[in-house]
Amino acid sequence: MDQTPPAKAPAGTPEHQPVPAAPPCTLVIFGAAGDLTKRLLMPALYNLAAGGLLDPQFRIIGVDHNANTDAGWRQDLTETMQSFTTDRTSEFHPDHIDPKAWGFVGERLSFRQGDFTAADTFTSLAQALSGNVIFYLAVSARFFGPIVDALGQAGLLKEDKGAFRRVVIEKPFGSDLDSARALNARILKQGAESQFFRIDHFLGKETVQSILAIRFGNGLLGPVWHRDHVDHVEITAAETIGVEARGAFYEPTGALRDMVPNHLFQLLCMVAMEPPKTLDAEDVRDEKARLIQAVQPVQPEQAVRGQYGAGQEHGHAVPAYRDEPNVARDSRTETYVALKLAIDNPRWKDVPFYLRTGKRMTDRVTEIALHFRPPAHSPFATPGAPVTPDVLRFRIDPEQGMDIVMNAKRPGPRLELGRVTAAFDYGDFFQETPSVGYETLLYDCLIGDATLFQRADSIEAAWAVVDPLLKAWADAPVEPYAAGNDGPERATALLAAQGHRWLPLGKG
C-alpha cells in the first residue's frame, strides 16, 4: 500500500497548525451499493485521502445484499467518481480525479455480500474485524434498529483494549416522537450514547459551522444577538427540484418529517443557542439541547403546508407532485412547510422564528436572515416613514457567504438614506475545494468528536416540537402552489399577520 501524503491544514488554517491524520480504523459501510455511498461517502473519503487525513492502515468494507466482488465494487465506484467530472449537476464535481488520492481509497476497498437481517452476516464480520471500527448505516431507516441489534448481539460494539466501536446513523431518525424515543431506547441497549453518531449533513457545510465562529468569535455582533435588537429571524431551505424518483420514500414522509426536525432545527440551534462554556462536544451539545427544549410545540395555526402543482421551472414545464412516479393521485403529502416558532427563553422571548422549506420553488436557496429592529430614535425617521431595518443574512447554499443590508447616505446634495449591502464570499478569503459536506463529519467521527452530531435528547426534543402538527395534519388538506413559485399564499399571510414578509427567493 502507498503512504498517505502529509496532512494539509484546511483552507484558512495557519500552516503551523496542521490537522493530524485520523487514527487507524476500519469503516464498514452497510448499503455499499447505494446512492449515498456512491454520491457522498466515496467523494468525502477521496477528499480526506487527498488531504492526508486518513491513516495508512485505514480500510473500507462494503456490505450489501447485492452480489459483487472486491474488484467489481472498486470498478463501479471508480466509474461513478469519474462521472462526477462531467456532471455539473452532481454535488461533487471536480475537474479531475487525482489518481493518487483515489488510488489510496480504491486499494483499501473490499466487498461482502450479506443480508442485513441475518445473524451470519455479523458473525462473519466479527471474525474479520479488530481494533477501531466505525459502522456506517447507509441504509433505509427500517434497518437502523435491526442492524444495531445484530451488531450488539455479535459483540461488535464491545470496546476493549483501547479500541473504539462507533455507529453512524443517517436520517430520518424516527418518524415522530414515539418512534424516535423507541429507536433511541433500542440502540442504547446495545451501546453507550458516546458510540452513536446521528449524522446531519447540513452541519458539514462550512458556512453552517462558521455561524458559531461569527457569533462567538467577534465582539461586534455578540451584543446585538438578542431580543432587544432582533425583531424576527428567517430560516429557509428551498429547492427547485421536485420529488424526482423518490416518490415511494416521500409519500409517507413529506417535507415536515424530511427537513424540519433535523436540517432546519440544526440551523436554528446554530443561530439561536447560548454561548457554550467551551467548544468541547458536550458543552456545545448541551446548549443545542437547551435551545430545542425551549422551542414551544407548533400548533396548526402557526403552520402552513403546501403541495406543488404543475408549472414552470427555469423556463421548462414540470409536472405536479401528484403526477410524479410512485405518488398517489389524491396525495395529501406536503412538499412545502412554513412554521412560526416561539422560543421561551430570556434571549428570544417574543421574537418569532420563521422556518420554510419546499420543493419546486423559485430558486435553490439555503439561508438564515436576522431582521433587526429599527433604531429607537433616529433623525431620519418621519411619522409616515420609519427607518428601514438592517438585515444580516448567512448564505449557506449554493453560495457561501454573509451579507449585511443596511442604510447609508445616498449620493447628492440632500442627506437621504439609501440601501447598501456589505457582503463577503468565503471563496474570496479562503481556498475552497470541491466537497460534499461529509468530509468534516467523517473526520470528526474518526477522531471521536461528536460536536456536530445529534444527541438523543435533542432528537426527541425536536420531534416533540412538531408532534402536535404531525397529528393535526394526519388527514388535513394541502394548499396548492404552482411549481417555480415562492410557495402557498397562506405562507405569506403567516408573516403578514405580524407585519413581516419573506425575503424573495429569486436572484434579482
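The following dialogue examines how several descriptions of this predicted model are reached.

User: What kind of model is this, and how are its residues numbered?

Analyst: This is a predicted model, in which local features need pLDDT of at least 70, side-chain atom pairs count only at pLDDT 80 or more, and totals for chains, interfaces and linings use all residues. Residues are numbered from 1 along each chain as its sequence is written, and side-chain values use heavy atoms, with hydrogens and water left out.

User: Why are α1 and α2 called roughly perpendicular to each other?

Analyst: Helices here are DSSP runs of H or I with at least four residues, strands are runs of E with at least two, and both are numbered from the N terminus. Axes are lines fitted to C-alpha atoms, for helices over the stretch in contact, and angles run from 0 to 180 degrees between N-to-C directions. Helix α1 (residues 35–50) and helix α2 (residues 70–83) pack at about 85 degrees, and their axes are 10 Å apart. Angles of 65 to 115 degrees count as roughly perpendicular, under 35 as roughly parallel, over 145 as roughly antiparallel, and the rest as oblique. The two helices are therefore roughly perpendicular.

User: Which residues make the contact of α1 with α2, and how do they divide by type?

Analyst: Contact means heavy atoms within 4.5 Å. On α1 the contact is made by Thr37, Lys38, Met42, Pro43 and Tyr46, and on α2 by Trp73, Leu77, Thr80 and Met81. These residues divide into six nonpolar, two polar and one charged. In this scheme Ala, Val, Leu, Ile, Met, Phe, Trp, Tyr, Cys and Pro are nonpolar, Asp, Glu, Lys and Arg are charged, and the others, Gly among them, are polar.

User: How do α9 and α10 pack, and at what angle?

Analyst: Helix α9 (residues 254–272) and α10 pack at about 110 degrees, with axes 9 Å apart. The pair is therefore roughly perpendicular as well. Phe265, Gln266, Leu268, Cys269, Met270 and Ala272 of α9 meet Lys288, Leu291 and Ile292 of α10. Seven of the contact residues are nonpolar, one is polar and one is charged.

User: How many aromatic pairs are found, and what makes the pair of Trp225 and Phe394 tilted?

Analyst: The whole structure holds 17 aromatic pairs. Rings of Phe, Tyr and Trp (its six-membered ring) pair if their centres lie within 6.5 Å; planes under 30 degrees apart count as stacked, over 60 as edge-to-face and the rest as tilted. The centres of Trp225 and Phe394 are 6.2 Å apart and their planes stand at 55 degrees, so the pair is tilted. Trp225 lies in the loop between α7 (206–216) and β7 (230–238) and Phe394 in strand β14 (residues 391–397), so the pair ties together parts 169 residues apart in sequence.

User: How do you know that Arg166 lies over the face of Phe164?

Analyst: A charge sits over a ring if NZ of Lys or CZ of Arg is within 6 Å of the ring centre and within 35 degrees of the ring normal. Arg166 lies over the face of Phe164 at 3.6 Å from the ring centre. Arg360 is likewise over the face of Tyr308, at 5.9 Å from the ring centre.

User: Why does Arg285 count as buried, and what does Arg285 touch?

Analyst: Buried means under 20% relative accessible area, exposed over 50%, and partly exposed in between (1.4 Å probe, protein chains only). Arg285, in helix α10 (residues 281–294), has 4% relative accessibility and therefore counts as buried. Leaving aside residues up to four places away in sequence, Arg285 touches Glu193, Ala450, Thr451, Phe453, Gln454, Arg455 and Ser458.

User: Why is Glu244 called partly exposed, and what is the class of His314?

Analyst: Glu244 has 39% relative accessibility and therefore counts as partly exposed. His314 has a relative accessible area of 57% and is therefore exposed. Glu244 has a positive phi of about 55 degrees although it is not a glycine. His314, also not a glycine, has a positive phi of about 55 degrees.

User: Why is helix α11 described as largely enclosed?

Analyst: Seven of the nine residues of α11 (residues 439–447) are buried, so the helix is largely enclosed by the rest of the structure. Among the buried residues are Leu441, Tyr443 and Cys445. Their cover includes α1, β4 (133–137), β5 and β6 (196–198).
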